[in-house]
Amino acid sequence: MSEITGRIHSIETCGTIDGPGIRYVIFTQGCPIRCVYCHNPDTWSKKGNDASVMSIGDLMTDIIKYKSYFKFSGGGVTLTGGEPLMQKEFATALFKACKREGLHTCLDTSGYDDIDDTTKELLAHTDLVLLDIKSANPGTYKAVTGFSIAKTFKFAEYLAGTNADTWVRFVLVPGLTDNEDDLHGMAKYLTTLSNVKYVGILPFHQMGAFKWEKMKIKYKLTDTPEPTVQETERVRDLFRSYGFIVR
């Protein structure tokens, strides 16, 4: 039987923002949605001209080199993307290998997935889910991603039903995701998910805009300002008022 491989966009060996501690962060290739603020549009295509095909064995050989850093910092391995749920068989095999080594596993996902047995098996070997919810307002969600919010809601509710440790992340975009009613709607929705205690508010930035130009994709947010520190903190305070720990 041939070894399972994955299509990998890039790797960050000492990440500190995609889960707790120092982390080995694997950016997978392929994404089913098209967020207007995406800073990695080069991960959208399943093939990806610059993607590398890597085996579980090769990845684990490299990951284990950093095991002492993970142990010291409370870190581990994070799968992000792109959307790792587009390579569920690979993700499951990798996380199983990580758990055999006693490593903490984290899945960074939009939750845009048809939950099947492979999804459930992957989540059974996932210690933490970073769930990126673009908006709880169906209209705003579609404006951001081009798709329906239904799958993300279903995924979030499956995580809650299994009491999966989940942190929610939300990108604050002036004029798009900062509507006051929408923000309260998001906070109220999250209070229905008993497994969510942490919320990360990520301020929109323009650092990926050059990739859209390079790829000749129309970028709609050229004139959108980045939120100020004060604006971002106000939104964090809003979520804190609903009882969440906010970062």
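**Finding our way around**

Tutor: Let's start at one residue: leaving aside neighbours within four places in sequence, E180 is in contact with R234 and L238. Keep in mind that this is a predicted model.

Student: OK, where does E180 sit?

Tutor: E180 belongs to helix α7, which covers residues 180–190.

Student: And how far apart are the C-alpha atoms of E180 and L238?

Tutor: They are separated by 9.6 Å, while along the chain the two residues are 58 residues apart.

Student: Is E180 buried, exposed or partly exposed, and why?

Tutor: E180 is partly exposed, because its relative accessible area is 36% and that class runs between 20% and 50%.

Student: What about E231, where is that?

Tutor: E231 is in helix α9, residues 229–240. It is partly exposed, with a relative accessible area of 37%. The C-alpha atoms of E231 and D178 are 9.3 Å apart, and 53 residues separate the two along the chain.

Student: Switching topic: how are the strands arranged?

Tutor: There are nine of them in an open sheet with mixed pairing, and the order is β3-β1-β2-β4-β5-β6-β7-β8-β9. β3 (52–55) and β9 (245–246) stand at the edges with a single partner strand each, so one side of each has no neighbour in the sheet.

Student: Which way do β5 and β6 pair?

Tutor: In the parallel sense, over four bridges. For instance, D108 has L130 in β6 as its bridge partner, and T109 stands opposite L131 in β6.

Student: Is β6 enclosed or open, and why?

Tutor: β6 is largely enclosed by the rest of the structure, because five of its five residues are buried. L128, L130 and D132 point one way from the strand, V129 and L131 point the other way, and all are buried.

Student: Next, what's in the largest nonpolar core?

Tutor: That core has 68 residues, and I26, Y37, I63, L94, L190 and F239 have the most contacts inside it. Helix α3 (residues 88–100) gives the most to this core, with seven residues.

Student: Pick Y37 for me. What does it touch?

Tutor: Not counting residues up to four places away in sequence, Y37 touches K134, V144, V171, V173, F204 and L221.

Student: Now pockets. How much space lies in the largest one?

Tutor: About 1000 Å³. The lining of the largest pocket takes in 40 residues, and H39, D108, D132, R169 and L202 lie nearest the centre.

Student: Which elements give two or more residues to that lining?

Tutor: β5 (104–109), β6 (128–132), β7 (166–172) and β8 (196–203). The largest share comes from β8, with six residues. D108 is the one with L130 as its bridge partner in β6, and D132 is one of the buried residues of β6.

Student: What does the lining look like by class?

Tutor: The largest pocket is lined by 21 nonpolar, 11 polar and eight charged residues.

Student: And what volume does the second largest pocket have?

Tutor: About 300 Å³. It is lined by 15 residues, with D42, G48, N49, D50 and M215 closest to its centre.

Student: Which helix gives the most to that lining?

Tutor: Helix α8 (residues 209–214), with three residues. By class, the lining of the second largest pocket has five nonpolar, six polar and four charged residues.

Note on methods:
Residues numbered from 1 in each chain as written. Predicted model: local features only at pLDDT ≥ 70, side-chain atom pairs only at ≥ 80, totals over all residues. Heavy atoms only, no water. Core = buried A, V, L, I, M, F, W, Y, C linked by side-chain atoms within 4.5 Å. Buried < 20%, exposed > 50% of the residue type's maximum accessible area, 1.4 Å probe, protein only. Contact = heavy atoms within 4.5 Å. 1 Å grid on protein atoms, 1.4 Å probe; cavity = no way out; pocket = protein on both sides within 12 Å on 5 of 7 lines; lining within 4 Å. Points joined across faces, edges and corners; volume = space filled by probe spheres on them. Nonpolar A, V, L, I, M, F, W, Y, C, P; charged D, E, K, R; others polar. Pairing = 2+ DSSP bridges.
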